[in-house]
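Hi,

Here is the structure I promised to pass on. Have a look at it first, and my notes follow below.

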Amino acid sequence: MKKVFASGNIAVAEGAMTAGLKFYAGYPITPSSDLMEYLAEELPRRGGVVIQMEDEIASINAIIGASNAGAKAMTATSGPGLSLMAEGIGLAVITETPIVIAHVMRAGPSTGVPTKTTQSDIYMVRWLAHGDYIIPSFAPWSVQEAFDLTIKAFNTSEKLRTPVFILSDAILAHVWEPLVVKEPGEVEIIDRKPPKSREGYMPYLPDEDLVPPMAPFGKGYKVLVESLIHDEKGYYAPNNEKYRELVTRLNVKIIRNLDWLFEYEGFFLEDAETVFVAYGSVARTVFALTKQLRNGGIKAGFFRPKTLWPLHEKVMRETIKGRKIIVVENNLGKLAMDVQRIMCDRDVYQAPVLNLESPTLKEVKEAVMQWL
């Protein structure tokens with residue numbers, strides 16, 4: 001364990017290396033570029049490989065290949081780069097390939113403002129590719145949490161054989177704060193489940209936890225990586241039975257682990273009459289506003305999801321006590337739509353703060369006062 005002063009991007013890189021990252025492929029794009037630059041210096045010193053690819057399409061496919069060869073693999077990108085990765089991420093879903101994507105949100109649409117921030121991509125990481133699936137996504141609000149949740153992202157990816165997002169933004173990526181860097185022996189590190197035997201191995205035959213053991217290429221196993229709807233052996237199976245079986249399992253293996261996946265933090269909820277919901281860098285300002293309002297006699301509470309997808313609806317309904325809920329986010333109200341659906345018996349209001357910079361306390365207060 002060591003204490004350093006680091007940015008959010010560096011914290012993600014350090015968390016990835018602690019989790020066992022051995023292969024990184026990426027293409028420079030603001031505001032994620034310095035994450036790759038840091039890994040290019042540090043990862044080879046720890047026995048890993050960093051490759052700058054020709055574009056984001058090549059990057060996502062390279063880490064899928066590396067993961068199938070047995071390496072923990074990751075890439076990082078921002079808005080337009082993630083758009084290019086859509087097809088590859090869908091491939092990772094259906095082939096159950098463990099990968100981690102660090103997505104640093106920036107203003108859009110299209111190329112937007114490369115150096116500025118947003119929270120507009122939270123549905124993009126949820127439904128980027130076509131088809132039915134759930135990709136777990138974690139949204140830190142501090143440098144320390146960027147480190148910790150990156151480890152959680154790798155553990156989730158390996159445990160459940162799924163792509164996972166660590167969802168940052170331009171503010172968090174470049175803010176510098178104290179960071180405690182933990183070593184592998186100081187935190188839980190999960191590795192993918194290996195097959196028990198080469199004999200009779202089928203790459204998509206699940207155990208009771210609905211997750212199939214994963215054999216790497218080149219170790220004597222018969223491995224077939226199939227992007228089409230497939231059976232347990234990996235062969236194309238275009239029929240209703242296998243389609244329903246595969247797609248259902250891909251989703252249920254995530255939902256079964258919801259209690260473990262979903263992380264949140266709550267403040268002042270026991271007596272709250274109004275509860276703010278916020279995530280990521282914006283949550284920092286909302287937390288400060290919550291304390292200010294309480295000092296002024298308003299019974300305000302604060303609920304911060306660290307896991308954005310999947311949301312734990314039962315936990316949210318039981319934890320958020322207030323009758324009035326105000327969702328504050330740097331977009332036009334994306335998470336708010338899910339909160340309205342989940343908290344259908346409460347008054348849920350949207351308080352968008354569209355801002356290219358980190359919103360000030362005054363700006364957030366102006367956005368919520370109409371509902372107080």
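Which domains does the domain assignment give for the protein chain? There are domain 1 (2-186) and domain 2 (263-371), with bounds that come from an automatic or database domain assignment. Before you read on: this is a predicted model, where local features need pLDDT of at least 70 and side-chain atom pairs count only at pLDDT 80 or more, while totals for chains, interfaces and linings use all residues. Residues are numbered from 1 along each chain as its sequence is written, and side-chain values use heavy atoms, with hydrogens and water left out.

Back to the domains. Taken over C-alpha atoms, the centres of domain 1 and domain 2 are 26 Å apart. Their contact (heavy atoms within 4.5 Å) takes 29 residues from domain 1 and 29 residues from domain 2.

Next, a helix pair. Helix H1 (residues 8-19) packs against helix H7 (residues 143-160) at an angle of about 35°, and their axes are 7 Å apart. Helices here are DSSP runs (H or I, at least four residues), numbered from the N terminus; axes are lines fitted to C-alpha atoms over the stretch in contact, and angles run from 0 to 180 degrees between N-to-C directions. The crossing of H1 and H7 is right-handed, that is, the near helix is turned clockwise from the far one by less than a right angle. On the H1 side the contact includes Gly-8, Ala-11 and Ala-19, which meet H7 residues including Phe-147 and Phe-154. By class, the residues of this contact are 9 nonpolar, 4 polar and 1 charged (Ala, Val, Leu, Ile, Met, Phe, Trp, Tyr, Cys and Pro count as nonpolar, Asp, Glu, Lys and Arg as charged, the others, Gly among them, as polar).

Now the open space. The largest pocket has a volume of about 480 Å³. A pocket is an open set of points on a 1 Å grid over the protein atoms alone, with protein on both sides within 12 Å along at least five of seven lines; a cavity is a set where a 1.4 Å probe fits but cannot get out, and lining residues have an atom within 4 Å of a point. Grid points are joined across faces, edges and corners, and a volume is the space filled by probe spheres set on the points.

The largest pocket is lined by 21 residues, with Gly-90, Leu-91, Ile-94, His-130 and Ser-227 the closest to its centre. H5 gives the most to this lining, with 7 residues.

Finally, there are 3 cavities of 30 Å³ or more, and the largest cavity holds about 50 Å³. Arg-161, Tyr-201 and Met-214 are among the residues that line the largest cavity.

Cheers

Definitions and conventions
Helix = DSSP H or I, 4+ residues; strand = E, 2+ residues; numbered from the N terminus.
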